[in-house]
Amino acid sequence: MKFVLCLFYLASSAKAFQVSNQQQQHRLLSPPVNKNVQERSEQNIQNYFAVPTIAAATILTTISIFGPTQPSFAVSGGGLDYAGLDISGQDYSNSKAYKGKDFTQTIAKGTDFSNSNLQGCRFYKAFLVNANFEGSDLRGASLEDTSMDGANLKNAIASGAYFGASLLDVGTAENADFTDAQIPPKTLVSFCSREDVVKGTNPVTGVDTRESLMCP
């Protein structure tokens, strides 16, 4: 009887050892699988954050190299062009690049616009003291509410341009063509009495300054 019990005990121990051994093997085999899954999960998380991180780094690098975007200086047809800038004393002469540009509230003291194409330019409330527009094409330009003390309009073509009372303050308007220009009536009366307006003919259009203003 004791022999049988001993055999039973030995058989049970062997079975338990086998089960324990299988469990141990299972545990030994399981970690690599779980580890791979974990690694894949961690890699997915890293990839999830890596894309925006790389994009942000790229944007910051671009900004550091090229600097922030400037809101001004857009090309004609939209944008601010030269509006609000201080271009005093600079040379904008002999050019066709400024046609239709916006110079609203620009500070252009002593700036040289001579012989340039300024058709349709907007100089609204610009500071044009001593600016040089000699021989420039100002057709359709807007010059209302400007400061034009000492400005030079000699030989300028200002057909269809818009002026304010500051036209009286220009240094000279000799030989300028003001055909169809919009000038306040009171300003026009005083302007027609100037000596530089009484005589002179525009060298390009051949129109007399006084006749272009329709002075009485």
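Reader: Is serine 212 buried or exposed?
Author: The model is predicted, and serine 212 is found in its helix H4, residues 209-213. Leaving aside neighbours within four places in sequence, serine 212 is in contact with Ala176, Asp177, Phe178, Thr179, Asp180 and Val207. Buried means under 20% relative accessible area. The relative accessible area of serine 212 is 6%, so this residue is buried.

Reader: Which part of the protein chain has the lowest confidence, and which the highest?
Author: The mean pLDDT of the protein chain is 77, and 63% of the residues reach 70 or more. Over residues 1-21 pLDDT stays under 50, and the model has zero contacts beyond four places in sequence for them. Where pLDDT is low, the predicted coordinates should not be read in detail. Confidence is lowest in helix H1 (residues 2-66), at a mean of 46, and highest in strand S2 (residues 162-163), at 98.

Reader: Which residues touch the most other members of the largest nonpolar core?
Author: In soluble globular proteins, nonpolar side chains tend to be buried together. Here the largest nonpolar core has 35 residues. Leucine 153 has contacts beyond four places in sequence that include Phe133, Leu138, Met148, Phe163 and Phe178. The residues that touch the most other members are Phe123, Leu153, Phe163 and Phe178.

Reader: What is the relative accessibility of phenylalanine 163?
Author: Phenylalanine 163 lies in strand S2. Not counting residues up to four places away in sequence, phenylalanine 163 touches Leu143, Glu144, Leu153, Ala158, Phe178, Ala181, Gln182, Ile183 and Pro184. The cut-off for a buried residue is under 20%. Phenylalanine 163 counts as buried because its relative accessibility is 4%.

Reader: How many Å separate phenylalanine 163 from threonine 187, C-alpha to C-alpha?
Author: Along the sequence, phenylalanine 163 and threonine 187 are 24 residues apart. In space, the C-alpha to C-alpha separation of this pair is 9.3 Å.

Reader: Which side chains make polar contacts with the side chain of aspartate 112?
Author: Aspartate 112 has its place in the loop between H1 and strand S1 (142-143). Aspartate 112 counts as partly exposed, because its relative accessibility is 23%. Another, of 3.3 Å, joins the side chain of aspartate 112 to that of asparagine 132.

Reader: How many salt bridges does a search of the whole structure find?
Author: Side chains of opposite charge can pair when their charged atoms come close. Aspartate 196 forms another with arginine 194, the closest N and O atoms being 2.9 Å apart. The number found in the whole structure is three.

Note on methods: Residues are numbered from 1 along each chain as its sequence is written. This is a predicted model: local features need pLDDT of at least 70, side-chain atom pairs count only at pLDDT 80 or more; totals for chains, interfaces and linings use all residues. Side-chain values use heavy atoms; hydrogens and water are left out. pLDDT is the predictor's confidence in each residue, from 0 to 100. Helices (H or I, at least four residues) and strands (E, at least two) are DSSP runs, numbered from the N terminus. Contact means heavy atoms within 4.5 Å. A nonpolar core is a set of buried Ala, Val, Leu, Ile, Met, Phe, Trp, Tyr and Cys residues joined through side-chain atoms within 4.5 Å. Buried means under 20% relative accessible area, exposed over 50%, partly exposed in between (1.4 Å probe, protein chains only). A polar contact is a pair of N or O atoms within 3.5 Å; within protein, one must be able to donate a hydrogen and the other to accept it, and residues adjacent in sequence count only if both atoms are side-chain atoms. A salt bridge is a side-chain nitrogen of Lys or Arg within 4 Å of a carboxyl oxygen of Asp or Glu.
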